[in-house]
Amino acid sequence: MQKGIRRLGVFFIALTLVLVVNLSYLQVWGQKDLMENPANTRRLVEEYGIARGRIITSDGLVLAESEPAQGPFAYRRRYHQGSLFSHILGYDSPQFGRSGLEEAYNEQLLGRKPPRSWVEEMTSDVREGNDVYLTLDAGVQSAAAKALGSRKGAVVAMNPKTGAVLAMYSWPTYEPQALVTQEGDADGTPLAEKAMQNYSRDTNSPLLNRAAAGLYTPGSVFKVVTASAGLEAGFSASTAFDCPGVWEVGGSRVTNYGSPPRSFGSIDMETALTYSVNTYFAQLAVKMGASTLVKYAEAFGLNSVPPLDLPGVSASRIPPSGRMDAVQLAWSGAGQGEILLTPLQLCLVGCAVANGGKIMTPHLLKEVRKGEAILERYDASVWRTPISADTAAEVLGMMISVVEKGTGTLAAISGVTVAGKTGTAEVEGKLPHAWFLGIAPAENPSVVVAVVVENSGGAGGSVAAPIAREVIRAALK
């Protein structure tokens with residue numbers, strides 16, 4: 001009898017120990033997984049019981065804030081500017097989770113970061129989040145949207161001296177409010193689910209942020225990288241090549257623009273960049289070698305994900321030098337081949353040219369505030385230094401020539417020295433992409449703009465350059 005009681009006692013003691021260990025594990029290590037489990041409705045009720053902080057542009061425009069709601073959750077999100085900032089803001093939805101800055105700065109918007117003192121944690125409950133102020137300028141963003149219009153593509157504008165993103169617009173776009181509504185139709189089907197299904201099935205991919213994640217063949221805007229690599233490798237702006245309309249290499253041909261392809265004779269690098277001569281940059285790439293071209297492309301950031309504080313950023317790509325034969329290398333020098341760029345990456349290339357060879361870390365956060373108190377502030381820092389200040393100055397000078405007398409004259413602004421580079425990227429079986437990279441004012445750059453218009457059918461100088469001009473105008477006001 002006593003032996004049986006002892007066994008029962010040992011059993012209960014063991015059961016108690018298992019319970020204590022399990023609770024300790026859940027409290028210390030398993031709490032995060034439990035909180036993030038989509039099936040945890042307690043987490044949703046708790047988080048949507050907090051008045052989430054506002055998201056505000058650098059010029060004071062409120063983009064998102066929480067408002068009291070009827071139903072299971074105390075608050076819901078309100079997006080005041082419709083689709084204008086949707087690819088940056090993302091959405092905050094009980095059904096679909098979070099994306100964009102709503103995801104990146106979730107802890108700040110819920111008031112969990114910066115961490116509170118232990119006294120505050122012990123004595124007060126968080127019921128109101130912190131405000132997130134952005135580097136975006138509402139006027140520049142509006143100008144980008146208006147200039148791009150309903151053409152599929154993207155625009156990125158940055159301050160090269162700080163890395164602050166002034167505008168980032170992508171079209172087609174979507175209405176974030178449609179994805180956070182808790183209302184249903186007459187059949188009881190949630191309207192947000194229908195909206196998400198429609199966006200997900202849309203072949204134009206409106207949920208894709210083309211500015212940061214869209215990968216495109218760059219065409220001639222890549223010649224900025226090729227020229228920079230050539231100068232760093234020991235070639236000079238006066239280096240001349242004979243540039244026929246068709247240059248034969250490796251049993252294939254590189255051709256210039258035009259029908260028939262235009263021949264330029266013996267020209268230097270500035271003339272070649274001014275008139276975007278493929279046969280010059282093909283020869284320059286072959287002369288410097290694939291390893292040098294890839295080395296400098298990667299120094300600018302290709303094959304790496306730019307450290308922008310926004311989820312879903314893609315790495316631009318250049319193939320390994322060992323995979324390039326002479327033909328691929330020649331076309332890569334002119335921006336074709338297997339190179340793929342995002343508009344964000346092109347803007348960062350322009351920032352290096354505009355900022356004495358240095359690329360500042362790109363960022364959207366300006367500061368986090370509680371009322372008037374600044375709790376957190378972004379500090380500018382250098383991300384990369386791909387080229388020297390001398391090389392940057394030489395390339396910038398060539399880009400001024402592009403706008404003053406070359407292929408980019410439609411980017412010119414009266415009273416402002418604009419530097420730029422056009423691109424018309426061939427796409428197999430489809431119409432070409434139109435590109436433009438602009439810098440202004442060239443004497444002391446404060447804005448760099450990258451534009452792509454997808455399968456536009458027109459040249460970069462006629463389609464993309466006027467878009468960049470309008471964005472630059474807005475940024476310089």
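**The largest pocket and the rest of the fold**

Modeller: About 450 Å³ of space lies in the largest pocket. Grid points are joined across faces, edges and corners, and the volume is the space filled by probe spheres set on them. The model is predicted, so local features need pLDDT of at least 70 and side-chain atom pairs count only at pLDDT 80 or more, whereas totals for chains, interfaces and linings use all residues. Numbering starts from 1 along each chain as its sequence is written, and side-chain values use heavy atoms, with hydrogens and water left out.

The lining comprises 22 residues. Ser220, Tyr257, Ser276, Asn278 and Thr424 lie nearest the centre of the pocket. By residue class, the lining holds 13 polar, seven nonpolar and two charged members (nonpolar: Ala, Val, Leu, Ile, Met, Phe, Trp, Tyr, Cys and Pro; charged: Asp, Glu, Lys and Arg; polar: the others, Gly among them). Strand E17 (419–427) and helix H18 (460–476) each supply at least two lining residues, and the largest share, four residues, comes from E17. Helices (H or I, at least four residues) and strands (E, at least two) are DSSP runs numbered from the N terminus.

The buried residues of H17 are covered by E17 together with other elements, including helix H11 (223–232), helix H12 (269–274), helix H16 (343–354) and strand E18 (430–440). In H17, Thr391, Ala392, Val395, Leu396, Met398, Met399, Ile400, Ser401, Val402 and Val403 are buried (buried: under 20% relative accessible area; exposed: over 50%; partly exposed: in between; 1.4 Å probe, protein chains only). The geometry of H17 (residues 389–405) is consistent with its length: its 17 residues should span 24 Å at 1.5 Å a residue, and its end C-alpha atoms are 25 Å apart, which agrees. The expected span is 1.5 Å times one less than the number of residues.

Ser205 is placed in the loop between helix H9 (191–201) and helix H10 (210–213), and is partly exposed at 31% relative accessibility.

Ser332, in helix H15 (residues 326–333), is buried, with a relative accessible area of 1%. Beyond its neighbours within four places in sequence, Ser332 is in contact (heavy atoms within 4.5 Å) with Phe222, Thr226, Leu293, Met324 and Ile339.

Two cis peptide bonds can be described. One runs from Ser259 to Pro260, with omega about 5°, and Pro260 sits in the loop between strand E11 (252–255) and strand E12 (265–267). Another runs from Lys113 to Pro114, with omega near -10°; Pro114 is found in the loop between helix H6 (106–109) and helix H7 (118–123).

Turning to the sheets, an open sheet of six strands has the order E3-E2-E1-E6-E14-E15 and mixed pairing. Strand E3 (75–79) and E15 stand at its edges with a single partner strand each, so one side of each is left without a neighbour in the sheet. Strands pair if DSSP finds at least two bridges between them. Strand E6 (residues 131–134) and strand E14 (residues 365–370) run antiparallel and are joined by four bridges; Val132 stands opposite Val368, and Asp131 has Arg369 as its bridge partner. E14 also pairs with strand E15 (residues 373–377), again antiparallel, over four bridges, with Glu367 partnered by Arg377. In their hairpin, which has two residues between the strands, Gly371 takes a positive phi near 65°.

Strand E7 (residues 153–158) and E8 run antiparallel, joined by six bridges, with Val156 partnered by Met168. Six residues lie between the strands of this hairpin, in which Gly163 takes a positive phi near 85°. Strand E8 (residues 165–171) is mostly covered, with six of its seven residues buried.

Terms used:
On a 1 Å grid over the protein atoms alone, a cavity is a set of points where a 1.4 Å probe fits but cannot get out, and a pocket is an open set with protein on both sides within 12 Å along at least five of seven lines; lining residues have an atom within 4 Å of a point.
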